[in-house]
Amino acid sequence: MSEKEEFYKKLEQKLEDHHQFPSPYLFKFIIPNNNHSLALVEDLFTSKATVTFRESKTGKYVSVSGKEMMQSSADVIAVYHKAEKIEGLMSL
């Protein structure tokens, strides 16, 4: 099993232990401050999500918080899988 697979397996277990789905889940990311990255991160969420952006002091990065109702731990992990494809994105 690769490190990434092991990470997601542990994350799934933690989500199951600490959340009762369906429930709201807060995603936090840091991305480079450019229109392309912002658009890709916005696409991670549905129109029902609450998404906020906060620019860093230097303006190089944007902190993104997205709160959305998730039906299962698999749904949460699916968002992280899509997010990892965004260049320069850091998950918190």
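This is a short talk about the fold of one protein and about one of its helices, α2.

Hi everyone! What we have here is a predicted model, where local features need pLDDT of at least 70, side-chain atom pairs count only at pLDDT 80 or more, and totals for chains, interfaces and linings use all residues. Residues are numbered from 1 along each chain as its sequence is written, and side-chain values use heavy atoms, leaving out hydrogens and water.

How confident is the predictor? The pLDDT, a confidence given to each residue from 0 to 100, averages 95 in the protein. Helix α1 (residues 3–18) has the lowest mean, 93, and strand β3 (residues 61–70) the highest, 98.

Now the fold. The C-alpha trace spans about 40 × 30 × 20 Å along its principal axes.

Let's turn to α2, residues 35–42. Which of its residues are buried? Ser37, Leu38 and Val41 are; buried means under 20% relative accessible area, exposed over 50%, and partly exposed in between, with a 1.4 Å probe and protein chains only. Those three cover an arc of only 100 degrees around the axis, which puts them on the same side of α2; the arc is that of the directions from the helix axis to the C-beta atoms. On the other side, Asn35 and His36 are exposed. The cover over the buried residues includes β1 (23–32), β2 (50–55) and β3.

Technical notes
pLDDT = per-residue confidence, 0-100. Helix = DSSP H or I, 4+ residues; strand = E, 2+ residues; numbered from the N terminus. Contact = heavy atoms within 4.5 Å.
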